[in-house]
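Please look over the structure shown below before reading on. The numbered points that follow are meant for someone new to it.

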Amino acid sequence: MDPIVSVENVRKTYEGGFEALKGADLQISQGEILALLGPNGAGKTTLISMICGIAEISSGRILVGGHDVAREFREARQLIGLVPQEISIDPFEKVLRAVRFSRGLFGLPPNEAFLERILRDLSLWDKRDAATRELSGGMKRRVMIAKALAHEPKVLFLDEPSAGVDVELRTSMWETVRQLQKAGTTIILTTHYIEEAEAIADRVGVINQGRILLVEEKAKLLDRMGRKELTISFHEPVFDVPAALGEYNLERTPDGTGLIYSYDRTAERTGITSLLKDLSAHGLVLRDIQTRQSSLEDIFVHLVKESA
(Lines give C-alpha, C1' and ligand atoms only; values in the text may rest on other atoms or scores of the structure.)
Protein backbone atom coordinates (compact mmCIF):
# COMPACT_ATOMS: atom_id res chain seq x y z
CA MET A 1 0.00 0.00 0.00
CA ASP A 2 1.30 3.47 -0.91
CA PRO A 3 2.07 5.78 2.03
CA ILE A 4 -0.54 8.43 2.83
CA VAL A 5 2.30 10.96 3.33
CA SER A 6 5.57 10.83 1.44
CA VAL A 7 8.45 13.25 2.12
CA GLU A 8 11.26 12.91 -0.41
CA ASN A 9 14.64 14.60 0.11
CA VAL A 10 13.00 17.81 1.36
CA ARG A 11 15.05 20.86 2.26
CA LYS A 12 14.08 24.23 3.67
CA THR A 13 16.49 27.16 3.47
CA TYR A 14 15.51 30.60 4.73
CA GLU A 15 16.83 33.97 3.58
CA GLY A 16 20.28 34.42 4.99
CA GLY A 17 21.19 30.80 4.31
CA PHE A 18 19.89 29.07 7.43
CA GLU A 19 18.95 25.50 6.51
CA ALA A 20 16.10 24.41 8.80
CA LEU A 21 15.58 21.05 7.11
CA LYS A 22 18.37 19.08 5.47
CA GLY A 23 17.21 16.40 3.04
CA ALA A 24 14.36 14.87 5.03
CA ASP A 25 12.88 11.52 3.93
CA LEU A 26 9.77 10.17 5.61
CA GLN A 27 7.04 7.70 4.66
CA ILE A 28 3.86 7.59 6.77
CA SER A 29 1.36 4.75 6.42
CA GLN A 30 -2.41 5.04 6.44
CA GLY A 31 -3.86 4.64 9.94
CA GLU A 32 -0.67 4.79 11.98
CA ILE A 33 0.30 7.09 14.84
CA LEU A 34 3.75 8.59 14.33
CA ALA A 35 5.39 10.59 17.11
CA LEU A 36 8.01 13.08 15.93
CA LEU A 37 10.47 13.90 18.71
CA GLY A 38 13.14 16.56 18.78
CA PRO A 39 14.44 19.46 20.86
CA ASN A 40 13.35 23.06 20.24
CA GLY A 41 14.54 24.26 16.84
CA ALA A 42 15.07 20.72 15.55
CA GLY A 43 12.82 21.24 12.49
CA LYS A 44 9.61 19.53 13.63
CA THR A 45 7.26 22.48 13.05
CA THR A 46 9.05 23.39 9.81
CA LEU A 47 8.45 19.89 8.45
CA ILE A 48 4.78 19.91 9.45
CA SER A 49 4.30 23.39 7.97
CA MET A 50 5.66 22.23 4.62
CA ILE A 51 3.52 19.08 4.57
CA CYS A 52 0.47 21.24 5.29
CA GLY A 53 1.43 23.72 2.56
CA ILE A 54 1.96 26.60 4.99
CA ALA A 55 5.71 26.92 4.34
CA GLU A 56 7.32 26.75 0.91
CA ILE A 57 9.60 23.83 0.07
CA SER A 58 13.11 24.84 -1.03
CA SER A 59 13.75 21.53 -2.77
CA GLY A 60 12.41 18.00 -2.78
CA ARG A 61 8.82 16.76 -2.96
CA ILE A 62 5.95 16.05 -0.56
CA LEU A 63 2.91 13.98 -1.48
CA VAL A 64 -0.27 13.63 0.59
CA GLY A 65 -2.67 11.00 -0.68
CA GLY A 66 -0.72 11.04 -3.95
CA HIS A 67 -1.13 14.82 -4.38
CA ASP A 68 1.91 17.09 -4.61
CA VAL A 69 1.49 19.72 -1.88
CA ALA A 70 3.13 22.39 -4.06
CA ARG A 71 1.37 21.73 -7.39
CA GLU A 72 -1.92 20.33 -6.06
CA PHE A 73 -2.30 22.34 -2.89
CA ARG A 74 -6.09 22.26 -2.63
CA GLU A 75 -6.38 18.51 -3.16
CA ALA A 76 -3.59 17.80 -0.66
CA ARG A 77 -4.84 20.26 1.96
CA GLN A 78 -8.34 18.79 1.78
CA LEU A 79 -6.89 15.57 3.21
CA ILE A 80 -5.15 17.30 6.15
CA GLY A 81 -6.34 18.44 9.55
CA LEU A 82 -3.93 20.61 11.55
CA VAL A 83 -4.00 21.40 15.25
CA PRO A 84 -1.24 23.98 15.90
CA GLN A 85 0.50 24.36 19.22
CA GLU A 86 -0.98 27.80 19.88
CA ILE A 87 -4.65 28.00 20.81
CA SER A 88 -6.12 30.22 18.10
CA ILE A 89 -9.91 30.33 18.30
CA ASP A 90 -12.36 33.22 18.54
CA PRO A 91 -13.07 33.58 22.28
CA PHE A 92 -16.63 34.78 21.65
CA GLU A 93 -17.60 32.11 19.11
CA LYS A 94 -19.74 29.22 20.28
CA VAL A 95 -18.27 25.75 20.02
CA LEU A 96 -20.67 24.21 17.49
CA ARG A 97 -20.67 27.29 15.26
CA ALA A 98 -16.86 27.37 15.27
CA VAL A 99 -16.67 23.74 14.17
CA ARG A 100 -19.43 24.23 11.59
CA PHE A 101 -17.56 27.23 10.15
CA SER A 102 -14.34 25.19 9.77
CA ARG A 103 -16.21 22.60 7.73
CA GLY A 104 -17.64 25.31 5.49
CA LEU A 105 -14.17 26.70 4.79
CA PHE A 106 -13.43 23.53 2.82
CA GLY A 107 -16.60 23.88 0.75
CA LEU A 108 -18.29 20.82 2.21
CA PRO A 109 -22.07 20.63 2.59
CA PRO A 110 -23.58 20.77 6.10
CA ASN A 111 -23.57 17.53 8.05
CA GLU A 112 -24.93 18.16 11.52
CA ALA A 113 -24.94 14.46 12.44
CA PHE A 114 -21.22 14.19 11.69
CA LEU A 115 -20.39 17.32 13.68
CA GLU A 116 -22.42 16.04 16.61
CA ARG A 117 -20.49 12.78 16.55
CA ILE A 118 -17.16 14.63 16.61
CA LEU A 119 -18.25 16.77 19.55
CA ARG A 120 -19.58 13.77 21.44
CA ASP A 121 -16.37 11.81 20.81
CA LEU A 122 -14.37 14.74 22.20
CA SER A 123 -16.73 15.20 25.19
CA LEU A 124 -17.75 18.62 23.86
CA TRP A 125 -21.41 18.07 23.02
CA ASP A 126 -22.59 19.45 26.36
CA LYS A 127 -20.51 22.58 25.63
CA ARG A 128 -21.76 23.08 22.06
CA ASP A 129 -23.55 26.35 22.89
CA ALA A 130 -20.81 27.72 25.17
CA ALA A 131 -18.49 30.50 24.05
CA THR A 132 -14.94 29.18 23.78
CA ARG A 133 -13.69 31.79 26.29
CA GLU A 134 -15.73 29.96 28.94
CA LEU A 135 -13.79 26.72 28.44
CA SER A 136 -10.70 25.39 30.21
CA GLY A 137 -7.39 25.14 28.34
CA GLY A 138 -7.86 21.42 27.80
CA MET A 139 -11.37 21.92 26.41
CA LYS A 140 -10.16 24.68 24.07
CA ARG A 141 -7.58 22.26 22.69
CA ARG A 142 -10.35 19.73 22.11
CA VAL A 143 -12.30 22.39 20.19
CA MET A 144 -9.25 22.88 17.97
CA ILE A 145 -9.14 19.15 17.30
CA ALA A 146 -12.85 19.20 16.45
CA LYS A 147 -12.31 22.09 14.03
CA ALA A 148 -9.42 20.19 12.40
CA LEU A 149 -11.63 17.11 11.97
CA ALA A 150 -14.71 18.97 10.69
CA HIS A 151 -13.82 18.49 7.01
CA GLU A 152 -13.19 14.74 7.46
CA PRO A 153 -9.42 14.69 6.81
CA LYS A 154 -7.45 11.49 6.32
CA VAL A 155 -4.36 12.85 8.12
CA LEU A 156 -4.32 14.78 11.40
CA PHE A 157 -1.30 16.74 12.61
CA LEU A 158 -1.10 17.49 16.33
CA ASP A 159 1.67 19.96 17.22
CA GLU A 160 2.33 19.60 20.96
CA PRO A 161 -1.26 18.49 21.73
CA SER A 162 -0.69 18.23 25.49
CA ALA A 163 1.06 21.57 25.97
CA GLY A 164 -0.39 23.31 29.00
CA VAL A 165 -2.74 20.42 29.77
CA ASP A 166 -2.77 18.78 33.20
CA VAL A 167 -1.99 15.08 33.68
CA GLU A 168 -5.64 13.96 33.86
CA LEU A 169 -6.61 15.77 30.67
CA ARG A 170 -3.43 14.59 28.96
CA THR A 171 -4.40 10.97 29.60
CA SER A 172 -7.89 11.69 28.29
CA MET A 173 -6.33 13.28 25.19
CA TRP A 174 -4.34 10.12 24.55
CA GLU A 175 -7.54 8.10 24.61
CA THR A 176 -9.10 10.54 22.12
CA VAL A 177 -6.14 10.03 19.78
CA ARG A 178 -6.53 6.24 19.99
CA GLN A 179 -10.21 6.53 19.12
CA LEU A 180 -9.38 8.69 16.09
CA GLN A 181 -6.90 6.06 14.94
CA LYS A 182 -9.55 3.34 15.28
CA ALA A 183 -11.75 5.43 13.00
CA GLY A 184 -9.00 5.27 10.34
CA THR A 185 -7.31 8.64 10.82
CA THR A 186 -3.54 8.82 10.36
CA ILE A 187 -2.02 10.88 13.17
CA ILE A 188 1.34 12.64 13.33
CA LEU A 189 2.14 14.33 16.60
CA THR A 190 5.08 16.34 17.84
CA THR A 191 5.60 16.33 21.57
CA HIS A 192 7.99 17.26 24.35
CA TYR A 193 6.31 14.68 26.58
CA ILE A 194 8.21 11.59 25.60
CA GLU A 195 5.93 9.45 27.76
CA GLU A 196 3.18 10.59 25.38
CA ALA A 197 5.00 9.02 22.44
CA GLU A 198 5.75 5.92 24.49
CA ALA A 199 2.08 5.58 25.44
CA ILE A 200 0.35 5.97 22.07
CA ALA A 201 2.72 5.95 19.08
CA ASP A 202 3.17 3.03 16.67
CA ARG A 203 6.38 4.48 15.29
CA VAL A 204 8.80 7.10 16.55
CA GLY A 205 10.83 9.57 14.50
CA VAL A 206 13.70 11.55 16.00
CA ILE A 207 14.76 14.82 14.37
CA ASN A 208 17.62 17.12 15.35
CA GLN A 209 19.34 20.04 13.65
CA GLY A 210 17.17 19.62 10.57
CA ARG A 211 17.95 15.95 10.03
CA ILE A 212 15.73 12.94 10.66
CA LEU A 213 17.96 10.63 12.68
CA LEU A 214 15.68 7.61 12.58
CA VAL A 215 12.10 6.45 12.09
CA GLU A 216 11.35 3.07 13.63
CA GLU A 217 8.59 1.05 15.21
CA LYS A 218 8.48 1.92 18.89
CA ALA A 219 8.68 -1.67 20.13
CA LYS A 220 11.59 -2.52 17.83
CA LEU A 221 13.44 0.65 18.82
CA LEU A 222 13.13 -0.17 22.51
CA ASP A 223 14.32 -3.71 21.83
CA ARG A 224 17.23 -2.58 19.65
CA MET A 225 18.52 0.33 21.70
CA GLY A 226 16.93 -0.33 25.06
CA ARG A 227 19.22 -1.46 27.84
CA LYS A 228 18.68 -2.57 31.39
CA GLU A 229 20.42 -1.33 34.50
CA LEU A 230 21.11 -3.60 37.42
CA THR A 231 21.57 -1.63 40.65
CA ILE A 232 23.34 -3.63 43.34
CA SER A 233 23.24 -2.32 46.90
CA PHE A 234 25.71 -3.37 49.59
CA HIS A 235 25.74 -3.35 53.35
CA GLU A 236 28.84 -1.15 53.35
CA PRO A 237 29.58 1.90 51.12
CA VAL A 238 31.67 1.27 48.02
CA PHE A 239 34.44 3.85 47.81
CA ASP A 240 36.26 2.39 44.81
CA VAL A 241 35.37 -0.19 42.17
CA PRO A 242 37.94 -3.01 42.34
CA ALA A 243 40.25 -2.89 39.32
CA ALA A 244 39.57 -6.56 38.62
CA LEU A 245 35.92 -5.65 37.92
CA GLY A 246 36.85 -3.11 35.23
CA GLU A 247 35.48 -5.29 32.40
CA TYR A 248 31.93 -4.70 33.69
CA ASN A 249 32.12 -0.87 33.36
CA LEU A 250 30.41 -0.45 36.73
CA GLU A 251 29.33 2.95 38.04
CA ARG A 252 28.88 3.94 41.67
CA THR A 253 25.40 5.02 42.76
CA PRO A 254 25.14 8.71 43.74
CA ASP A 255 24.98 7.84 47.43
CA GLY A 256 27.95 5.45 47.20
CA THR A 257 26.08 2.48 48.64
CA GLY A 258 25.94 0.46 45.44
CA LEU A 259 27.04 -0.17 41.88
CA ILE A 260 25.18 0.10 38.57
CA TYR A 261 25.70 -2.44 35.80
CA SER A 262 24.26 -1.74 32.32
CA TYR A 263 23.59 -4.64 29.97
CA ASP A 264 21.81 -5.53 26.75
CA ARG A 265 18.69 -7.43 27.76
CA THR A 266 18.45 -9.07 24.31
CA ALA A 267 21.98 -10.48 24.42
CA GLU A 268 22.46 -14.23 24.75
CA ARG A 269 24.61 -13.66 27.82
CA THR A 270 24.03 -10.68 30.12
CA GLY A 271 27.08 -11.22 32.31
CA ILE A 272 25.02 -10.91 35.50
CA THR A 273 25.89 -14.37 36.83
CA SER A 274 29.63 -13.87 36.48
CA LEU A 275 29.38 -10.32 37.90
CA LEU A 276 27.63 -11.51 41.07
CA LYS A 277 30.19 -14.27 41.47
CA ASP A 278 33.09 -11.82 41.09
CA LEU A 279 31.52 -9.35 43.54
CA SER A 280 31.25 -12.08 46.13
CA ALA A 281 34.85 -13.12 45.49
CA HIS A 282 35.96 -9.56 46.29
CA GLY A 283 34.15 -9.59 49.62
CA LEU A 284 31.27 -7.31 48.61
CA VAL A 285 28.17 -8.43 50.49
CA LEU A 286 24.90 -7.79 48.62
CA ARG A 287 21.96 -6.16 50.38
CA ASP A 288 19.53 -5.68 47.47
CA ILE A 289 19.27 -5.91 43.68
CA GLN A 290 16.97 -3.84 41.44
CA THR A 291 16.59 -3.63 37.66
CA ARG A 292 15.45 -0.73 35.51
CA GLN A 293 14.55 -0.81 31.80
CA SER A 294 15.74 2.14 29.72
CA SER A 295 12.87 4.26 28.44
CA LEU A 296 12.18 5.99 25.15
CA GLU A 297 13.40 9.18 26.83
CA ASP A 298 16.79 7.59 27.53
CA ILE A 299 17.10 6.58 23.88
CA PHE A 300 16.00 10.03 22.67
CA VAL A 301 18.54 11.83 24.87
CA HIS A 302 21.29 9.47 23.67
CA LEU A 303 20.46 10.01 19.98
CA VAL A 304 20.29 13.81 20.30
CA LYS A 305 23.63 13.92 22.15
CA GLU A 306 25.27 11.75 19.49
CA SER A 307 24.01 13.98 16.66
CA ALA A 308 25.00 17.29 18.30
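1. How many helices and strands are there in the chain? There are 10 helices and 14 strands, where helices (H or I, at least four residues) and strands (E, at least two) are DSSP runs numbered from the N terminus. The chain is more spread out than a compact globule, because its radius of gyration, taken over C-alpha atoms, is 24 Å, well over the 19 Å given for 308 residues by the globule rule (2.2 Å times the number of residues to the power 0.38).

2. This is a predicted model, in which local features need pLDDT of at least 70 and side-chain atom pairs count only at pLDDT 80 or more, while totals for chains, interfaces and linings use all residues. Residues are numbered from 1 along each chain as its sequence is written, and side-chain values use heavy atoms, with hydrogens and water left out.

3. The C-alpha trace of the chain spans about 80 × 45 × 40 Å along its principal axes. Of the contacts (heavy atoms within 4.5 Å) with a separation of 6 or more, 68% are between residues 24 or more positions apart.

4. Of the 308 residues of the chain, 45% count as buried, meaning under 20% relative accessible area with a 1.4 Å probe and protein chains only. Helix α1 (residues 44–51) is largely enclosed by the rest of the structure, because seven of its eight residues are buried; these are K44, T46, L47, I48, S49, M50 and I51.

5. Just after α1, G53 takes a positive phi of about 80°.

How values were computed
Buried means under 20% relative accessible area, exposed over 50%, partly exposed in between (1.4 Å probe, protein chains only).
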